[in-house]
Amino acid sequence: MGSGDVAGRERAANSRMLPSAAMAGDDATLDSFGMDASGATMAAQLDIELFIAASDGELADAQQLRLAGGSVDAPMALANARQPIHGASSNGHLNMLRWLCDEGADLAACDSNGMQPVHHACFQGHVAVVEWIVAKSPTLLHARTNKDS
């Protein structure tokens, strides 16, 4: 087992603990993460965890985080304003992409480089994801980045 496996399981465990603690008002668990159930820190943490879960293809974690108040369209400041839909597209997680769209994520959302999910999927070679995006929203077939002249 590699160190990435351990880190992934630890992140997944934390993802499950945070929403449960927030919903239950478990101040001890929230304090251990340096947050409180009502503050902006908790909302930001849920958004970050949802972005990570989407990027990792962890659908069950993403669903729990969404129920706890995580946003499917919050741009991550430290990730070039990428949203969960960009992370899922970049990593070829088609089931996650479908769920994010069902939850209201925008397939035309641009990151700070002007790239949409279809661009991320293309650059990473995720043909099935590109095909699904184009079938769902044919106008994105001709999508250009906001940086295009």
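Contact here means heavy atoms within 4.5 Å.

**Figure 1. Overall view of the predicted model, an arrangement of 8 helices and 0 strands.** Of the contacts in the protein with a separation of 6 or more, 59% are accounted for by residues 24 or more positions apart. The order of elements from the N terminus on is α-α-α-α-α-α-α-α. The protein has 149 residues, and 42% of them count as buried.

**Figure 2. Packing of helix α7 against helix α8.** Helix α7 spans residues 117-124 and helix α8 spans residues 127-136. Their axes lie 8 Å apart and form an angle of about 155°. Angles over 145 degrees count as roughly antiparallel, and α7 and α8 are therefore roughly antiparallel to each other. The crossing of the two helices is left-handed. On the α7 side the contact is made by P117, V118, A121 and C122. On the α8 side V129, V130 and I133 take part. By residue class, the contact of α7 with α8 divides into 7 nonpolar, no polar and no charged residues.

**Figure 3. Buried and exposed residues of helix α4.** Helix α4 is formed by residues 59-67, and D61, A62 and L65 in this helix are buried. An α-helix has 3.6 residues a turn, so residues three or four places apart point the same way. The face of α4 turned away from the buried side carries A60 and L67, which are exposed.

**Figure 4. G69, the residue with positive phi that follows α4.** The phi of G69 is near 115°.

**Figure 5. A81 in the loop between α4 and α5.** Helix α5 covers residues 84-90. A81 is not a glycine, yet its phi is positive, at about 60°. Most residues other than glycine have a negative phi. The relative accessible area of A81 is 24%. Buried means under 20% and exposed over 50%, so A81 is partly exposed.

How values were computed
Residues numbered from 1 in each chain as written. Predicted model: local features only at pLDDT ≥ 70, side-chain atom pairs only at ≥ 80, totals over all residues. Heavy atoms only, no water. Axes fitted to C-alpha atoms, helices over the stretch in contact; angles between N-to-C directions. Helix = DSSP H or I, 4+ residues; strand = E, 2+ residues; numbered from the N terminus. Parallel < 35°, antiparallel > 145°, perpendicular 65-115°, else oblique. Left-handed = near helix turned anticlockwise from the far one by under 90°. Nonpolar A, V, L, I, M, F, W, Y, C, P; charged D, E, K, R; others polar. Buried < 20%, exposed > 50% of the residue type's maximum accessible area, 1.4 Å probe, protein only.
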